[in-house]
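Dear colleague,

Please find below the structure I am handing over to you, together with its sequence. My notes on what was found in it follow directly after.

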Amino acid sequence: DSSSYFSLTDTEFDLVTTTGKLYLGDRDSSTKVDYVSFVGITYTSGTAGIYAKSNYGSIGEVEFLTTASTFTNAVTAECSGAMVASAAVTSSAGSMALTSGTTLTTTAALQATASSKTVTVAAGGNTSLAAISSHGALTVITSSSGTLSVGGALSATSGTITLNSASTLLQ
């Protein structure tokens, strides 16, 4: 097997500090990272938030797996392929933006809990969502002929909820 693998435990990840934004994966689309996953991360540094990107053709994936992950500041994740959140993802003091080039599936809650902070979810294909809560605005966009399926409660405490599907909306 010629594949490369790099991982950090939650304890090791907490040792990574920055006063700006923390970049993980393929920052400028030149590295060609094909997979970024988070399993039970609690990250408090990076005052400008964390940015994870997997952009390797159509197979770049970002996943939030097994155990809930909490980011104190903003969390932005982008991938050229599929994105999955099978564990809860929380941004406790920042906004959240998840963008997938193909499908996006959540089976656990997504939330931005700080005052006026937003959640934006965008996918280029089928999108299936569990519960999403945002203190500020909540925006969900499916930009191709995929289906947008909402299986849980969507809430925006002090903002609007916008659902935009280029094809079918199921609830």
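Two strands are said to pair if DSSP finds at least two bridges between them; strands (E, at least two residues) and helices (H or I, at least four residues) are DSSP runs, numbered from the N terminus. Please note that this is a predicted model, in which local features need pLDDT of at least 70 and side-chain atom pairs count only at pLDDT 80 or more, while totals for chains, interfaces and linings use all residues. Residues are numbered from 1 along each chain as its sequence is written, and side-chain values use heavy atoms, with hydrogens and water left out.

The sheet

Seven strands form an open sheet with parallel pairing, in the order β1-β4-β7-β10-β13-β16-β19. The edges are taken by β1 (22-25) and β19 (161-165); each has a single partner strand, so one side of each is left without a neighbour in the sheet. On average, neighbouring strands of this sheet are turned by 5° against each other, direction ignored (axes are lines fitted to C-alpha atoms, for helices over the stretch in contact, and angles run from 0 to 180 degrees between N-to-C directions). Within the sheet, β4 (residues 50-54) pairs with β7 (residues 75-79) in the parallel sense over 5 bridges. Ser54 has Cys79 in β7 as its bridge partner.

Thr142

Strand β16 (residues 138-142) contains Thr142. This residue counts as buried because its relative accessibility is 1%; buried means under 20% relative accessible area, exposed over 50%, and partly exposed in between (1.4 Å probe, protein chains only). Leaving aside neighbours within four places in sequence, Thr142 is in contact (heavy atoms within 4.5 Å) with Ala123, Gly125, Thr127, Leu148, Asn164, Ser165 and Ala166. With one of these, Thr127, the side chain of Thr142 makes a side-chain polar contact at 3.1 Å. A polar contact is a pair of N or O atoms within 3.5 Å; within protein, one must be able to donate a hydrogen and the other to accept it, and residues adjacent in sequence count only if both atoms are side-chain atoms.

The chain as a whole

The protein chain has 1 helix and 20 strands. Its C-alpha atoms fill a box of roughly 40 × 35 × 25 Å, taken along the principal axes. Of the 171 residues, 37% are buried. Among contacts between residues at least 6 apart in sequence, 29% join residues at least 24 apart.

With kind regards
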